[in-house]
Every structure is written in structure tokens, then in C-alpha cells.
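User: I would like to go through this structure with you and ask, for each label, what value stands behind it.

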Amino acid sequence: MKKEKFDNQGCTVIYIGTDKRLAGYVVLSDTLRSESRHMIEGLNDIGVKPALFTGDNKNAATSIANALSINEYCAECMPKDKLNFIDKREKQKKSVCMIGDGVNDAPALKRATVGIAMGKIGSDIAIEAADIALVDDEVEKLPHLLSLSGKMMDTIKLNMSFSMVLNLIATVFAITGILNPIVGALVHNAGSVPVIINSSLLLKWRG
């Protein structure tokens, strides 16, 4: 009964014997980081749907998924299962951010839209395959990282739109003779100021 209890909790039971007789057992289980739940909640708040893919057994995967309120999870996963998940999501025109630290995660880290590896505990091949490595393995900052990346893309699009409109207006004025070369050069350089200021606001953005 005790073994079944631990099995249902997703633990691994290792039996210990002496002189060919059972002496006891050791129960091993994964320990959730204290910041994990807050991180998952943060991802949900910004519209990112988390999914858990693990090579552990079904009970372990279920236990962790329930503890973190993750609705989509897969147990006893092989590297190809993670790749199939990414391919399926991309066919649905969805972006996938893969987070991992092991050798088995490397193919998925490389294949995903964005791969994030744990820089401190991650394997060398996982870090090499990923686009981003978290130096201190601070997973609680992932919601901010994803939010900041979205804000950065919005800033880039706004800067490009502003620059194109400004250059178009300046070109029209130059053709009609309203804008002389000297003023045109000043307008061209002055147009960089709003772009720089707008970009610098990202340094203090917290989202």
C-alpha cells in the first residue's frame, strides 16, 4: 500500500537489500521550485499557454502538472514527441517557446520558434542548441522576458513606420522644392532622435 501511495504521487521507489534480504526502500521525487507556480501564473496572465513534456512516468507528470495547474502535459516523452508537438503547433500558425536543460531537449530547443536553455544546470548541447541561455536559471523571469520581447517587436514596428513616413514626407517636400538639401539633412538626422528615445523607454519597461 505504501508503494502504491508513493507511485500515485509520482515518486520513484528504490528498494535496498542486505544479504539478499529487503532492508527498506528510498523514495525519490522531483522538488518543485518555489517560484514555479508564480512563473506559470505569470505566463497565463500574458496569454502564453504552458505545456509540460517530460520523460518521467505518467504519475509523476500528473502530479507536477496538477501542482502547477498545467492542463496540457505528456509523460514518458521521447525527443521525437517534443518535435511532433512543435510541428503540430507551427502548422496551426502558433509560435512555440521551448524551455529545457537536457541532451534530450536539444532537438526541440533547436526546432522551436525560440529555445531557452538553463545556463547553470543545462547540458552543453542544450545551451548550444538554444537561442537564449538563462545564466542564473531564474525561471521566474520568463513572463517578463516574453512580455519584453513582444514590447520590443511593437517598438521596432513603430520606429520603422515613423521613419518611413518621415522619409516619404521629406522626399515629397524635396521634390517640390520646399525642402532644400541643408534642411533635408537636418530633418534626416533629427528623425533619429524620436526613434532613440522611444527605444530607450524599453530599459525601464516592466510590463
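User: Where does Asp-105 lie?

Analyst: In this predicted model, Asp-105 lies in the loop between strand 5 and helix 5, the latter spanning residues 106-111.

User: Why is Asp-105 called buried?

Analyst: The relative accessibility of Asp-105 is 10%, and buried means under 20% relative accessible area, so Asp-105 counts as buried.

User: What makes the pairing of the side chains of Asp-105 and Lys-82 a polar contact?

Analyst: The two side chains are joined at 2.5 Å, and the cut-off for such a pair of N or O atoms is within 3.5 Å, so the label of polar contact applies to Asp-105 and Lys-82. The side chain of Asp-105 also has a polar atom 3.1 Å from the backbone nitrogen of Asp-101. Once neighbours within four places in sequence are left aside, the residues in contact with Asp-105 are Lys-82, Met-98 and Gly-100.

User: What makes strand 1 and strand 2 a pair, and in which sense do they run?

Analyst: Strand 1 (residues 12-18) and strand 2 (residues 21-28) run antiparallel and are joined by seven bridges, where at least two are needed for two strands to pair. Along strand 2, Leu-22 is the bridge partner of Gly-17, while Arg-21 stands opposite Thr-18. The two strands form a hairpin with two residues between them.

User: Why are Asp-19 and Lys-20 called exposed?

Analyst: Asp-19 is in the loop between strand 1 and strand 2, and Lys-20 lies in that loop between strand 1 and strand 2 as well. The relative accessible area of Asp-19 is 74% and the relative accessibility of Lys-20 is 89%; exposed means over 50%, so Asp-19 counts as exposed, and so does Lys-20. As for the backbone, phi of Asp-19 is near 55 degrees, a positive value in a residue other than glycine, and phi of Lys-20, likewise positive in a residue other than glycine, is near 60 degrees.

User: Why are helix 2 and helix 7 described as roughly parallel?

Analyst: Helix 2 (residues 36-45) and helix 7 (residues 142-175) pack at an angle of about 25 degrees, with their axes 8 Å apart. Angles under 35 degrees count as roughly parallel, and helix 2 and helix 7 are therefore roughly parallel to each other. Met-39, Gly-42 and Leu-43 of helix 2 make the contact with Leu-142, Pro-143 and Leu-146 of helix 7, and by class this contact has five nonpolar, one polar and no charged residues.

User: What puts helix 8 and helix 9 in the roughly parallel class?

Analyst: The axes of helix 8 (residues 181-190) and helix 9 (residues 192-200) cross at roughly 5 degrees and come within 5 Å; with the limit at under 35 degrees, helix 8 and helix 9 are therefore roughly parallel to each other. The contact is made by His-188, Asn-189 and Ala-190 of helix 8 and by Ser-192, Val-193 and Pro-194 of helix 9, and by class it comprises three nonpolar, three polar and no charged residues.

User: How do you know that helix 8 is hardly covered, and what makes Asn-180 its cap?

Analyst: Among the 10 residues of helix 8, the count of buried residues is zero. Asn-180 caps the N-terminal end of helix 8, with a side-chain oxygen 3.1 Å from the backbone nitrogen of Ile-182, and this value falls within the 3.5 Å limit for a polar contact.

User: Where is Leu-202 found, and which residues is Leu-202 in contact with?

Analyst: Leu-202 is found in the segment after helix 9. Apart from neighbours within four places in sequence, Leu-202 is in contact with Leu-148, Lys-151, Met-152 and Thr-155. From C-alpha to C-alpha, Leu-202 and Lys-5 are 50 Å apart in space, and in sequence they are 197 residues apart.

Note on methods:
Residues numbered from 1 in each chain as written. Predicted model: local features only at pLDDT ≥ 70, side-chain atom pairs only at ≥ 80, totals over all residues. Heavy atoms only, no water. Axes fitted to C-alpha atoms, helices over the stretch in contact; angles between N-to-C directions. Helix = DSSP H or I, 4+ residues; strand = E, 2+ residues; numbered from the N terminus. Parallel < 35°, antiparallel > 145°, perpendicular 65-115°, else oblique. Contact = heavy atoms within 4.5 Å. Nonpolar A, V, L, I, M, F, W, Y, C, P; charged D, E, K, R; others polar. Buried < 20%, exposed > 50% of the residue type's maximum accessible area, 1.4 Å probe, protein only. Polar contact = N/O pair within 3.5 Å; in protein donor to acceptor, adjacent residues only side chain to side chain.
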